[in-house]
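Try each task before you look at its solution.

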Amino acid sequence: MEQQFTLTSEVRDDHLIITTSGYVNNVGGEAIAAEFSRHFQNGIHRVIVNLAQSKVVNSIGMSFLIEIIEQLQDTDGKLIFTNLDPAVEKMLAIMGLFKFAGKEASVDDALKSFVGPQ
Amino acid sequence: MQQGDLTDRLSAQIESLQGSFRKLSKAATLKDLAGQFAGVVRGMFPGADVDLLVRGSRSERWEYLVEGGVQGAERLSALPPEQSTSLCRVHETPTGVCIVQKLVDASFIGMVLARKPQGPGAGEVDVLSLRLFIHLFDTAYQDMLYRRNEKELIFSLNHRVLQLNSLIDTGIEVSKLDHNASPQQLALERAASLTNASKGVVRVTHKGVLSEEICFPADVSFKTAVDERYRIMTSFVFADSTYAFELFEKESRTGVLPFDETDQLLLDALARQVHASLENRYLHEQALEKQKIEQDMAVAASIQQRILPASLPPIAGYDIAGINIPSKSVGGDYYDCIPLPDGKYALVVADVAGKGVPAALLVSSLHAYLSAYLEGATPLVRLAQRLNTVICRASTDEKFITAFIALLSPETGEIESVNAGHNPAYVRRNDNTVHELNEGGVALGMLDIDFPFQSEFTVMEKGERLLLYTDGIPEATNERQQMFESATPLKELLARHKPDQAEIFIKDLIGDIKRFTGNEPQSDDITALYLLRR
C-alpha cells in the first residue's frame with residue numbers, strides 16, 4: 001500500500017536522477033519540482049524521474065511534472081520517466097506527458113538513451 | 001526632429017515591437033511576462049529605469065512585478081482617479097512617464113519609466129512608442145491567458161478521459177478473481193488519485209464491530225483523517241458487513257478544496273464496482289463448491305457402482321431380486337447376495353449415515369471386510385462384532401452403519417440373522433402372517449467396544465418370502481409429509497401381495513412408493529432385497 005511521499009536524488013554525469021516513493025500528489029509534485037529547480041538553476045537539463053516506488057499519482061502531482069517538462073523544453077533539456085507501474089504509465093500517457101517526455105524500463109536504460117541519439 | 005528621422009525611428013521601433021512580441025509570447029506567467037517586457041523597454045530606452053506593477057480591478061493597491069527603483073507604486077497611486085481607470089492613460093512628469101493600461105481581464109498594468117533626457121522633441125516619439133509597447137504587453141498578456149486557458153482545458157479534458165478510463169480499468173481489475181490485493185484497497189487508491197484526495201479510508205464493520213480498516217496513504221490513520229474539513233463518503237452492505245469509503249481534502253495547486261459532484265459520482269461508482277466484485281467472488285466460490293461436490297459425487301457414484309451387484313446370483317429353489325435407488329447421485333445404502341464356500345448365501349442390506357464420498361468409502365470398507373470375514377467362515381455373531389470394531393476405527397464419530405445380515409442355507413431354508421441397528425427384516429409365512437427378524441445389536445461402528453451381538457434362527461418353508469429393506473421405504477414421504485409406512489404398512493403389503501416372481505414384488509413395491517410420493521423429491525435412498533422360496 002502506498003505511503004506518504006519521500007524522495008531522494010543524485011547527479012550522475014550531469015544527469016539528475018530523482019527517485020520517489022509514495023503518493024505523487026500536491027506535496028510530492030512540489031517536492032519533485034523543488035528538487036528539479038535546485039539543479040536546473042545549476043545548468044542540469046537532463047532529468048530522470050524513477051517512479052518505481054510510486055504506484056499512485058494524482059493530477060496535481062502530474063501538473064508539476066508537466067511544468068518541469070515545459071521548462072526543460074525551453075532549454076532543449078529532457079525528462080525521462082523510469083520503472084513505471086502500468087497504471088501510472090497509462091495515466092501519464094492519457095495526460096499526454098509522453099509527447100514531450102521519455103519513458104524507459106530502468107534508470108540505466110534512461111542514462112543510455114541520453115547518451116544515444118536524441 | 002526631422003520628418004525622416006521620426007519615420008526611421010518609428011520604423012525601427014515597429015520592427016523591434018514585432019521581435020519583442022515573439023519573445024513575450026513565450027512567457028508562462030504574468031511575472032515572467034513583466035520581466036521580459038521590462039527587458040524590451042530597457043532595450044528601447046537604454047539607461048532607463050522601469051517599474052512594472054499590477055493592480056486588481058477592484059483593488060487600490062499596486063503590486064510590483066518588476067522593481068527598477070523609481071518609486072512606481074507611489075507615483076501610480078498619486079495619479080488622478082480618471083487616469084488610472086481609463087483604457088490607456090499617459091502621464092508625463094519632468095522625470096519620467098507613468099502609463100496605466102487596462103488589461104483584458106479588467107486588471108491594470110502600470111509602468112513607470114524614469115528616462116534620461118534625450119533632447120528636444122524626443123519625448124513625443126517616446127510616449128508614442130511607450131503607448132505601442134504597453135498595447136503590446138496587453139496583447140501578449142491576452143495571448144498568455146489564451147494559451148493558459150487552452151492548456152488548462154486540454155489538461156481538464158485529458159483528466160476527464162483519465163477518470164473514465166481508470167473507472168473502466170478499475171472495474172476490470174477489481175473483478176479479477178485471482179487479484180492478490182483486496183478490491184477495496186485498489187478502489188480506494190484509484191478514488192483518491194482520480195479525485196485528487198489527499199487521503200482516504202475504507203472501514204469494514206461486521207454487525208457494528210470494525211473488522212478491517214484500509215488507509216491511503218498507508219501511514220495515515222483514520223483517527224487523524226476524521227479531523228479534516230472536507231470529505232465525501234459512500235457505503236454499501238454485503239454479507240452483513242458495511243463497507244464505508246471516505247475521502248478527505250481535495251488537493252489543488254492553491255490549497256485544499258471541497259469535493260465536487262463529479263468526485264462523489266466517481267467514489268460511488270468505484271464502491272459499486274467493489275460491491276459487484278465481492279458478489280461475483282461469492283458466487284464464484286459457490287459455483288466452485290458446487291462443482292467440487294459434483295466431482296465428489298461422481299467419484300462416490302463410481303465407487304458405489306463397483307460395489308453394488310450388477311446382478312444377483314441365482315439360488316437353486318429360490319427367486320431373488322433387489323433394488324437400490326439413491327436419493328442423490330450417490331447414497332449410503334448397500335445390498336448384496338454373496339455365495340459362500342460352504343454353499344450358504346449371505347444376504348445383506350445396510351445403510352450408512354450420511355451421503356457422498358465419505359458414505360461411499362464406508363460402504364466400500366463394509367463390503368471389503370464383510371467379504372473377507374465371510375470367506376473365512378467367521379461365525380455370524382463374531383462377524384458382526386469384528387465389523388463393528390473395524391467400521392468404528394475406519395469412520396469418524398458421526399459415521400456408522402446399520403445393517404441386516406442373514407446367512408441362508410438353501411437346502412433347508414434355514415436362516416441365521418443379525419440385525420445391527422437396522423430395520424427388522426420380515427418373513428412372510430404361508431399362513432399370511434409376517435414374522436419380524438430383529439435380534440442383533442447396535443449399529444456397526446457406533447461404539448468401539450466388543451459389543452455382544454446375538455443372532456436368531458428361522459426357517460423359510462417353500463412359498464415363504466423374506467424382505468430386507470432400508471428406512472428409505474417406510475419413511476418415503478409425500479407432499480403432505482406423510483410417510484409411506486403410515487399409508488401402506490410394509491408388513492400388510494407383504495402379507496397381501498405374493499407374486500410368483502421376486503422381480504414383480506420389487507417392481508410393484510417401487511410403483512406403490514412412486515404413486516404415494518408423487519412429485520415430492522426422494523429424500524432418502526431406497527433399497528430392498530426380496531427372496532422367494534419356490
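**Exercise 1: Chain B in outline**

Task: Describe the make-up of chain B, starting with its secondary structure.

Solution. Start with the elements: chain B has 13 helices and 21 strands. Keep in mind that this is a predicted model. Next, look at burial. Of the 534 residues in chain B, 35% are buried. Here, buried means that 20 or more other C-beta atoms lie within 10 Å of the residue's own. Last, take the contacts in chain B with a separation of 6 or more: 65% of them link residues 24 or more positions apart.

**Exercise 2: The sheet of chain A**

Task: Work out the strand order in the open sheet of chain A, and explain why β1 and β5 each have one side without a neighbour.

Solution. Step one is the order. Five strands of chain A line up as β1-β2-β3-β4-β5, with mixed pairing. Step two is the edges. β1 (6–12) and β5 (102–104) of chain A each have a single partner strand, so one side of each has no neighbour in the sheet. Step three is the twist, which averages 20° from one strand to the next.

Now zoom in on one pair. β1(A) and β2(A), residues 15–21, run antiparallel and are joined by seven bridges. In this pairing, A:L7 stands opposite A:T20 of β2(A).

**Exercise 3: Where the chains meet**

Task: Which elements of chain B each supply at least two residues of the side that touches chain A?

Solution. Count the residues on both sides: chain A gives 18 residues to the contact, and chain B gives 18 residues. Then sort the side of chain B by element. α5 (122–174), α6 (183–195) and β9 (241–252) of chain B each supply at least two residues. The largest share, five residues, comes from α5(B). Then sort this side of chain B by class: six residues are nonpolar, eight are polar and four are charged.

**Exercise 4: The nonpolar cores**

Task: How many residues does the largest nonpolar core have, and which have the most contacts inside it?

Solution. The largest core has 63 residues. Those with the most contacts inside it are B:L347, B:I401, B:L467, B:L468, B:L529 and B:L531. Leaving aside residues up to four places away in sequence, B:L531 touches B:Y318, B:I320, B:L347, B:R465, B:L466 and B:A502. Apart from this core lies another, of 56 residues, including A:L97, B:A187, B:L188 and B:A192.

Definitions and conventions:
Residues numbered from 1 in each chain as written. Chains lettered and ligands numbered in written order. Predicted model: local features only at pLDDT ≥ 70, side-chain atom pairs only at ≥ 80, totals over all residues. Pairing = 2+ DSSP bridges. Helix = DSSP H or I, 4+ residues; strand = E, 2+ residues; numbered from the N terminus. Axes fitted to C-alpha atoms, helices over the stretch in contact; angles between N-to-C directions. Contact = placed C-beta atoms within 7 Å. Nonpolar A, V, L, I, M, F, W, Y, C, P; charged D, E, K, R; others polar. Buried ≥ 20, exposed ≤ 12 C-beta atoms within 10 Å, placed from the backbone. Core = buried A, V, L, I, M, F, W, Y, C linked by C-beta atoms within 7 Å.
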